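Let's walk through this fold together, from the overall layout down to the contacts between helices. Have your viewer ready.

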Amino acid sequence: MVTELGKIFRKLRIDNGQILKDMADVLNISSAQLSSVENGKRKPQRKMIEGIISAYHLDGHQQHKLWDAFDETRKEITISLNSASGRRRDMGLALARQFDGLSSAQVDEILSILHRNREE
C-alpha cells in the first residue's frame with residue numbers, strides 16, 4: 001500500500017523530471033530500495049529523509065510535511081538512553097511508561113513543544 005511518504009517521494013521525483021534510478025542515485029541507495037519505500041513495502045531510514053531535504057532544498061513547510069509523513073511510517077521506535085543525562089533519561093522512561101495513558105490534551109501539548117523545537 002502506498003504511504004503518504006511514498007506519494008511525497010514520487011511527486012518530488014516526478015516534479016524534478018527524474019526516474020526512480022535518478023533519485024536513488026541522489027540518495028545513494030538502490031532503485032529497488034527506493035521503489036520499496038515509495039510503495040510502502042519498506043520503512044525509510046532517517047538519513048534518507050535528511051538526504052531528500054538536502055538534495056532537493058526543501059523549504060520549511062515541505063520539510064515539516066516530509067517529517068510528518070516519515071513519522072507516520074514508524075510503528076515502533078527505539079531510543080538509546082546510554083548517553084542521556086539523568087533528567088533526559090528520566091523523561092524518556094516516564095514517557096514510555098505513560099505513553100498509552102496520555103490524554104488528548106497532553107499529547108497535543110507534547111506535540112506542540114516538539115514541533116516548535118523542530119522548526120527552530
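This is a predicted model: local features need pLDDT of at least 70, side-chain atom pairs count only at pLDDT 80 or more; totals for chains, interfaces and linings use all residues.

Along its principal axes, the C-alpha trace spans about 45 × 30 × 25 Å. Of the 120 residues in the chain, 23% are buried. If you look at contacts between residues at least 6 apart in sequence, 59% of them join residues at least 24 apart.

Now zoom in on helix α4, residues 46-55. One of its partners is α2, residues 20-27, and the two pack with their axes 9 Å apart at an angle of about 100°. Angles of 65 to 115 degrees count as roughly perpendicular, which means α2 is roughly perpendicular to α4. On the α2 side, the contact is made by Met23, Val26 and Leu27, while α4 brings in Met48, Gly51, Ile52 and Ala55. Sort those residues by class and you find six nonpolar, one polar and no charged. Gly51 is part of this contact, and Gly counts as polar here.

The axes of α4 and α5 come within 11 Å and cross at roughly 165°. Since anything over 145 degrees counts as roughly antiparallel, α4 and α5 are therefore roughly antiparallel to each other. The crossing of α4 past α5 is right-handed. Here Arg46, Ile49, Glu50, Ile52 and Ile53 from α4 meet Gln63, Leu66, Trp67 and Phe70 from α5. By class, this contact has six nonpolar, one polar and two charged residues. Ile52 turns up in this contact and also in the one with α2.

So which residues touch the most other members of the largest nonpolar core? In that set of 20 residues, they are Phe9, Ile49, Ile52 and Leu66.

Leaving out residues up to four places away in sequence, Ile49 touches Leu5, Phe9, Leu66, Trp67 and Phe70. Among these, Leu66, Trp67 and Phe70 are α5 residues in the contact with α4, and Phe9 and Leu66 are also on the list of core residues that touch the most other members.

Terms used:
Residues are numbered from 1 along each chain as its sequence is written. Side-chain values use heavy atoms; hydrogens and water are left out. Axes are lines fitted to C-alpha atoms, for helices over the stretch in contact, and angles run from 0 to 180 degrees between N-to-C directions. Helices (H or I, at least four residues) and strands (E, at least two) are DSSP runs, numbered from the N terminus. Angles under 35 degrees count as roughly parallel, over 145 as roughly antiparallel, 65 to 115 as roughly perpendicular and the rest as oblique. Contact means heavy atoms within 4.5 Å. A nonpolar core is a set of buried Ala, Val, Leu, Ile, Met, Phe, Trp, Tyr and Cys residues joined through side-chain atoms within 4.5 Å. Buried means under 20% relative accessible area, exposed over 50%, partly exposed in between (1.4 Å probe, protein chains only). A crossing is left-handed if the near helix is turned anticlockwise from the far one by less than a right angle, and right-handed if clockwise.
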